[in-house]
Amino acid sequence: PTHTPVSLYLSLSFPSKISQFLLYSVMATEEMKPDTKKLEQKQKQSSQMKEDLPPPTIPPLPLPYKSCSLKVSIHCEGCKKKVKKILTSIEGVYIVYIDVKQHKVTVIGIVSPEILLKKLIKAGKNAVLLPEIPDPVENKPKPVDPKEKNKKKKKEENLQRTDEATSSGTDKPEKTEVGKSDKPESEKNDAGECCTGDGCEVAPVKEKKDVLKEKDSVKEKKKKKMKTKKLGEYNNKQKILLVGEGDFSFSLSLARAFGSATNLTATSLDTLEELQLKYKNGKANVEELKTRGCTVVHGVNVHSMAKDRKLGQRSELYDRIIFNFPHSGFGFGCENQSYYIILHQALVRGFMKNAKKMVKDVGGEIHVTHKTAHPFNEWKIETLAEEKGLCLIREMEFNKFCFPGYSNKRGSGHRCDSSFPVGKSSTFMFQKRIL
């Protein structure tokens with residue numbers, strides 16, 4: 001056998017038994033030396049195999065731990081790092097698996113999927129919760145009777161015969177829309193290329209639409225779950241129009257009670273400049289109403305408000321229309337004079353004519369708060385309402401102190417900002433007469 005130079009030297013210089021022992025020991029040491037090239041090749045192969053392997057199948061977890069899978073817009077290594085950093089920073093997340101090709105992220109921990117989605121969407125990543133795959137035991141097909149199989153076959157044969165009879169014999173090719181490609185949606189990209197930095201904001205358009213739909217559905221659910229807040233005969237779920245407001249203190253008392261004024265539309269005959277000159281708190285009240293979401297409109301006349309474009313479209317009908325203490329203005333005479341009573345009646349008549357067009361047919365009410373003592377009872381509000389096709393459903397005693405912050409104003413004359421004694425007053429509630 002061939003020997004290395006060391007083994008030859010040993011065989012010549014030492015006796016037979018010693019030389020054989022030394023020879024075998026040298027050969028063993030040479031075989032024990034590792035080959036560095038082979039080791040490097042094995043390491044490369046193992047690393048490639050790890051990258052190519054899919055995420056491991058998750059065994060059944062103990063009760064507190066749960067796994068959920070998400071579809072996230074991941075297109076490069078930068079995206080992968082960003083998503084992993086976001087998810088691992090959340091409390092209760094223990095393990096994160098990311099599959100870049102399938103845009104799939106599996107998370108194991110004690111966290112609800114809603115928290116994960118919120119965090120990803122805030123960071124600019126579109127994410128959708130994937131449905132859970134049921135156990136294979138549940139999906140096992142049930143045994144089918146041979147009679148049912150025969151019935152199905154007969155039905156299929158009959159359908160084929162009818163299709164052959166009705167077909168014209170020439171199959172037209174399906175039309176394809178111009179500009180649409182055959183690539184799957186997961187491969188399509190708005191920008192055409194993926195980022196090479198730390199994060200990628202590119203995502204398919206379909207996912208963005210899904211996220212917007214989810215947000216809209218959440219808003220609708222919140223509106224439905226909104227608690228009803230009441231003040232007197234009014235609540236935050238009614239669409240209310242307030243007419244002839246002085247310093248807007250009545251509408252503000254409703255807004256404060258409801259917590260918001262998104263359901264209110266408050267109007268006044270005065271312009272904004274006239275309002276600031278007449279009332280001390282007028283401007284401040286209007287600003288607070290607007291911050292609470294109220295629609296404030298100035299220069300609205302009750303005789304023509306149904307056609308006023310500032311109040312929106314005619315199709316927008318109201319649940320309640322309120323006019324507190326209607327008055328045509330102070331003159332030089334007394335309230336009991338017939339001339340002034342006719343002027344006041346004309347004001348109420350014009351209001352009811354227009355309010356009837358703006359209130360809902362079913363459930364809609366027109367409220368007029370008015371003094372009941374003499375000479376104000378001479379206005380005969382009930383008869384004025386009957387003339388315009390309205391019927392009185394209820395008369396309720398008005399208490400000013402039930403509406404905190406409300407300050408009734410004269411509205412005209414040199415004492416326009418001062419309040420007047422309410423005395424005995426009632427709120428008259430009218431509805432459309434049903435024919």
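Colleague: Why is Phe 403 called buried?

Modeller: Phe 403 has a relative accessible area of 8%, and buried means under 20% (exposed is over 50%, partly exposed in between; 1.4 Å probe, protein chains only), so Phe 403 counts as buried. This is a predicted model, in which local features need pLDDT of at least 70 and side-chain atom pairs count only at pLDDT 80 or more, while totals for chains, interfaces and linings use all residues. Residues are numbered from 1 along each chain as its sequence is written, and side-chain values use heavy atoms, with hydrogens and water left out.

Colleague: What makes Phe 325 and Phe 398 an edge-to-face pair?

Modeller: Their centres are 5.7 Å apart and their planes at 80°. Rings of Phe, Tyr and Trp (its six-membered ring) pair if their centres lie within 6.5 Å; planes over 60 degrees apart count as edge-to-face, under 30 as stacked and the rest as tilted. Both Phe 325 and Phe 398 are buried.

Colleague: Why is the pair of Phe 398 and Phe 403 called stacked?

Modeller: The centres of Phe 398 and Phe 403 are 5.8 Å apart and the planes are at 15°, so this pair is stacked. Phe 398 has 8% relative accessibility and therefore counts as buried. Ring pairs join Phe 398 and Phe 403 with Phe 250, Phe 325, Tyr 406 and Phe 420 in a cluster.

Colleague: How do you know that Lys 239 lies over the face of Tyr 318?

Modeller: The distance from the ring centre is 5.2 Å. A charge sits over a ring if NZ of Lys or CZ of Arg is within 6 Å of the ring centre and within 35 degrees of the ring normal. Lys 239 is therefore placed over the face of Tyr 318.
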